[in-house]
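Please look over the sheet and the helix packing in the chain shown here. The report starts with the strands and then turns to the helices.

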Amino acid sequence: MYIVMLGAPGSGKGTAAKMLAKKTNLPHISTGDMFREQIKKETELGKLANSYMSKGELVPDEVTINIVRDRLSWEDTKNGVILDGFPRTKMQAEVLDEILAEKGKKVDVVPEIIIPDQVIVDRILNRATCSNKDCGAIYNLKYKPSKTPGVCDVCGAELVVRTDDNEETIKNRLETYRKNVEELLSFYKEKGVLLSIAPEDPTADNASEQVVEKILEKCEE
Ligand code: AMP
C-alpha cells in the first residue's frame with residue numbers, strides 16, 4: 001500500500017501517519033522529519049532547508065524530490081510506504097507517480113484530514129514532540145500533556161517544540177498549504193484515490209484512532 005497523507009499543518013496527519021505505520025508495518029516517511037534531521041546535523045542540505053522552513057515556505061521541489069527519490073529506493077519501501085508531508089505540489093505528485101511507476105507501483109489511497117482552522121492553530125501553538133526520532137510521540141501541552149513536564153511518557157526522552165511552530169510561521173504555512181492543496185486534491189480525486197476524512201470531534205482523545213480506522217477500512221476495500 002502506497003499511502004499519501006494530506007492535511008494542513010496541525011491536522012494530525014503526522015500522528016495518524018505514525019499510528020498507521022505501526023499498524024501496517026510500513027515505513028513512515030516524513031519529509032519534514034528528514035529535513036529536521038539534516039538541520040540538527042548541520043549539513044548543507046539542512047542549512048538550505050532551514051532557510052525556507054523557518055519562514056514557513058516550501059523547500060524547492062528539486063531538493064525535496066531528490067531526498068524522496070533516494071528514500072524510495074530503499075529496500076524497505078518495496079511493499080508500500082506512508083508518505084507524510086510529500087507531495088506538497090502538483091510537480092511533486094507527478095514525479096512521485098513516475099518514481100512509483102518505475103517500481104511497477106502506484107499511489108493507492110490519499111487520506112485528506114479536514115480540521116477547522118481554530119483547532120489547527122491551537123494545536124500547533126501547544127505542540128511538543130519527543131526528541132527521540134525512533135519514538136516521535138506528539139503531545140499537546142494543553143489537552144494531552146506528558147505526565148512529567150518536558151519528558152516523553154513513552155521513552156523518557158526530552159520533549160521539544162518545533163522552531164517553526166510559532167504564530168507568525170503558522171499563518172504562512174497554512175496559506176502555503178491552501179495555495180497548493182487544491183491542485184493536489186483534484187489530481188488525486190481524478191485518479192479515484194482521494195479519501196476525505198473530517199473527524200466529528202477533532203479534539204476528542206481518540207480522533208486520530210478514528211482517522212486511522214477509516215483509512216484502514218478503505219485499504220481493505
Ligand atoms: P512538516 O513537518 O510536514 O510540517 O514540514 C515542515 C516544513 O518542511 C514545511 O513547512 C516545509 O518548509 C518543509 N517541507 C516538508 N515537506 C516538504 C515538501 N514536500 N516540499 C517542500 N517543503 C517541504
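## Strand pairing

Strand β1 (residues 2-7) pairs with strand β4 (residues 110-113) in the parallel sense, over two bridges. Leu6 stands opposite Glu112 in β4. The model is a predicted one.

## The sheet

Five strands form an open sheet with parallel pairing. Their order is β2-β3-β1-β4-β8. The edges belong to β2 (28-30) and β8 (194-197). Each of these has a single partner strand, so one side of each is left without a neighbour in the sheet. From one strand to the next, the twist averages 20°.

## Helices across the sheet

Which strands does α2 lie across? The answer is β2 and β3 (81-84), and the helix runs at about 65° to β2.

Helix α8 (residues 207-220) lies across β1, β4 and β8. Its direction is about 155° to that of β8.

## Helices α2 and α3

Two packed helices are described by the angle between their axes and the distance between the axes. For helix α2 (residues 31-40) and helix α3 (residues 44-53), the axes come within 7 Å and cross at roughly 120°. That angle makes α2 oblique to α3. The crossing of α2 past α3 is left-handed.

Which residues meet here? From α2 come Gly32, Phe35, Arg36, Gln38 and Ile39. They meet Leu45, Gly46, Ala49, Asn50 and Met53 in α3. By class, this contact of α2 with α3 has five nonpolar residues, four polar and one charged.

## Helices α4 and α5

Helix α4 (residues 61-71) packs with helix α5 (residues 90-102) at an angle of about 25°. The two axes are 11 Å apart. Are α4 and α5 roughly parallel or roughly antiparallel to each other? Angles under 35 degrees count as roughly parallel, and α4 and α5 are therefore roughly parallel to each other. α4 passes α5 in a right-handed crossing.

On the α4 side, the contact is made by Asp61, Thr64, Ile65 and Arg69. On the α5 side, Met91, Gln92, Val95, Ile99 and Glu102 take part. The residues of the contact of α4 with α5 divide into four nonpolar, two polar and three charged.

Note on methods: Residues numbered from 1 in each chain as written. Predicted model: local features only at pLDDT ≥ 70, side-chain atom pairs only at ≥ 80, totals over all residues. Heavy atoms only, no water. Axes fitted to C-alpha atoms, helices over the stretch in contact; angles between N-to-C directions. Helix = DSSP H or I, 4+ residues; strand = E, 2+ residues; numbered from the N terminus. Parallel < 35°, antiparallel > 145°, perpendicular 65-115°, else oblique. Left-handed = near helix turned anticlockwise from the far one by under 90°. Contact = heavy atoms within 4.5 Å. Nonpolar A, V, L, I, M, F, W, Y, C, P; charged D, E, K, R; others polar. Pairing = 2+ DSSP bridges.
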